[in-house]
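Please have the sequence and the model side by side before reading on.

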Amino acid sequence: MNPINKLPDAIIFDCGDTLINILNFDFSECFNYFYEEIIDQSKISKEDFLKYNKSIMHVFFERELNDIEVLFENYFNFITFTFGNVSNKPIEVIENECSHRLYQSKPVKDVTLFLDYCKSQNIPMYVLSNSLFSTREIRKELEENNLSHYFKEIISSGDHLYRKPSKDFFNMYLLKLKLDGITGNICYIGNSKKMDIETPIKLNMFAILLNEKLDTDFVSHDDYLEVQNYKTLIKLLKG
């Protein structure tokens with residue numbers, strides 16, 4: 001039995017591993033970049049700088065516990081206040097270069113097929129994603145993967161204090177959609193049950209978990225849908 005009985009009025013997507021796969025993620029590369037390109041190396045050795053950064057890593061992990069985002073620009077200000085800034089690059093360039101050192105990305109398999117289908121059905125699409133990077137940078141990453149043009153709005157937690165699964169973060173976007181005249185059956189698609197599914201369920205959204213490790217095409221749970229890939233999701237939407 002098809003668990004989808006009508007098309008959504010709007011779809012909100014997670015970004016990382018939902019729209020683009022995050023590859024070779026390595027925080028140490030971000031710290032290497034700051035030492036090589038940004039700070040005054042006369043103030044500290046590279047070894048001590050990396051040790052210092054490891055000592056403050058708890059801040060990044062604690063954001064998983066309190067739903068408050070750590071902003072890249074705040075980290076930049078914290079580090080350059082202490083160790084100086086010998087770079088004349090604007091912050092948006094530094095952020096972009098740092099993100100490329102931190103990880104690489106590529107489109108999730110068949111995501112463009114799904115986005116093209118939704119576009120053909122006039123379903124408005126949005127992005128609400130966790131990242132220490134700004135909305136500007138997430139939009140640029142989607143542009144680099146030829147995906148940004150599908151979305152009416154792109155929002156990163158890196159600009160908005162809260163991060164998923166915060167109810168306040170989701171509600172901020174739902175209120176924005178409501179003020180823009182979009183109500184009704186709003187769908188959220190993500191790849192993490194904790195970050196992307198549990199809160200949308202509580203907010204009466206139609207939640208879809210993308211799980212490529214699923215051993216069947218889809219599973220219809222009591223309060224959300226789990227699918228193996230975007231081709232399956234297209235079939236379900238088509239009925």
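A residue is called buried when its relative accessible area is under 20%, exposed when it is over 50%, and partly exposed in between, with a 1.4 Å probe and protein chains only. The model is a predicted one, in which local features need pLDDT of at least 70 and side-chain atom pairs count only at pLDDT 80 or more, whereas totals for chains, interfaces and linings use all residues. Residues are numbered from 1 along each chain as its sequence is written, and side-chain values use heavy atoms, with hydrogens and water left out.

Helices (DSSP runs of H or I, at least four residues) and strands (runs of E, at least two) are numbered from the N terminus. In helix α1, the buried residues are F27, C30, F31, N32, Y33, F34, Y35 and I38, and they pack against α2 (46-55), α3 (58-66), α4 (72-83) and α5 (91-102), where contact means heavy atoms within 4.5 Å. The twelve residues of α1 (residues 27-38) should span 16 Å at 1.5 Å a residue, and the end C-alpha atoms are 16 Å apart, which agrees; the expected span is 1.5 Å times one less than the number of residues.

A nonpolar core is a set of buried Ala, Val, Leu, Ile, Met, Phe, Trp, Tyr and Cys residues joined through side-chain atoms within 4.5 Å. The largest has 32 residues, of which F13, F114, L142 and F151 touch the most other members. Elements giving two or more residues to this core include β1 (10-13), α6 (111-120), β4 (125-129) and α7 (135-144). A second, separate core of 25 residues includes F27, F49, I79 and Y103.

Seven strands form an open sheet with mixed pairing, in the order β5-β4-β1-β6-β7-β9-β8, two strands being paired if DSSP finds at least two bridges between them. Because β5 (153-156) and β8 (218-220) stand at the edges, each with a single partner strand, one side of each is left without a neighbour in the sheet. Within the sheet, β6 and β7 run parallel and are joined by four bridges, and the bridge partner of I189 in β7 is I208.

Some backbone details lie in loops. A cis peptide bond with omega of about 10° joins K164 and P165, and P165 lies in the loop between β5 and α8 (167-179). L161, also placed in the loop between β5 and α8, has a positive phi near 70° although it is not a glycine, and at 49% relative accessibility L161 counts as partly exposed. D67, in the loop between α3 and α4, has a positive phi of about 60° and is not a glycine.
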